[in-house]
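I am opening a notebook page on this model. The entries below keep to what I looked up.

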Amino acid sequence: MYSEKVMDHFNHPRNVGELEQPSGVGTVGNAKCGDIMRIYLDIDDAGVIREAKFKTFGCGAAVATSSMATELVKGKTVREALQVTNQAVMEALDGLPPAKVHCSLLAEEAIHAALWDYAEKNGIQIEGLKKPVTDIEEKEEAEEY
């Protein structure tokens with residue numbers, strides 16, 4: 001069963017679309033379930049995320065977590081955005097069913113991938129940012145061992 005917040009973000013997703021000249025773009029997927037999430041970030045010279053948009057192919061939970069993730073990073077600094085975890089996304093949505101937790105992992109990894117792209121484009125290093133995976137199934141399997 002989905003929370004009211006999940007249903008609201010699925011039925012009325014925020015920040016859908018893409019940015020024409022993004023500072024960073026992150027695309028991740030999950031081969032097991034077929035979800036694909038792309039997050040676009042517009043980051044100003046002070047390192048603050050002015051705008052965030054997303055395009056997601058997947059289930060309702062994937063759309064909802066994408067929507068919430070973009071809401072959570074807007075107005076934050078790059079360092080603050082790096083702290084947005086899958087747990088934070090789930091909490092902001094009042095939870096997800098266990099079978100849909102991977103959608104929140106997609107959101108976290110898509111944010112990290114967009115930040116990685118931003119760092120690469122600008123020749124900077126963001127402390128604590130690791131090279132993202134493109135398929136979260138790889139990350140899930142690595143965590144199982």
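Is His9 buried or exposed? I find a relative accessibility of 6% for His9, so this residue counts as buried (buried is under 20% relative accessible area, exposed over 50% and partly exposed in between, with a 1.4 Å probe and protein chains only).

Before going on, I note that this is a predicted model, in which local features need pLDDT of at least 70 and side-chain atom pairs count only at pLDDT 80 or more, while totals for chains, interfaces and linings use all residues. I also note that residues are numbered from 1 along each chain as its sequence is written, and that side-chain values use heavy atoms, with hydrogens and water left out.

Entry on His9. I place His9 in helix α1, residues 4-11 (helices are DSSP runs of H or I with at least four residues, strands are runs of E with at least two, and both are numbered from the N terminus). Its side chain makes a polar contact with the side chain of Ser67 at 2.6 Å (a pair of N or O atoms within 3.5 Å; within protein, one must be able to donate a hydrogen and the other to accept it, and residues adjacent in sequence count only if both atoms are side-chain atoms). Leaving aside neighbours within four places in sequence, I list among the contacts of His9 Arg14, Met68 and Leu93 (contact means heavy atoms within 4.5 Å).

Entry on the helix pair. I looked up how α1 packs on helix α2 (residues 60-73), and the angle is about 90° with the axes 8 Å apart (axes are lines fitted to C-alpha atoms, for helices over the stretch in contact, and angles run from 0 to 180 degrees between N-to-C directions). That makes α1 roughly perpendicular to α2, a term for angles of 65 to 115 degrees. On the α1 side I find Val6, His9 and Phe10, which meet Gly60, Val63, Ala64, Ser67, Met68 and Glu71 in α2.

Entry on backbone angles. Asn15, in the loop between α1 and β1 (24-30), has a phi near 65°, a positive value in a residue other than glycine, and at 13% relative accessibility Asn15 counts as buried. Asp94, in the loop between α4 (86-92) and α5 (101-122), has a positive phi near 60°, but Asp94 is exposed, with a relative accessible area of 52%.

Entry on α5. I find 16 of the 22 residues of α5 buried, so this helix is largely enclosed by the rest of the structure. Just after α5, Gly123 takes a positive phi of about 60°.

Methods:
Angles under 35 degrees count as roughly parallel, over 145 as roughly antiparallel, 65 to 115 as roughly perpendicular and the rest as oblique.
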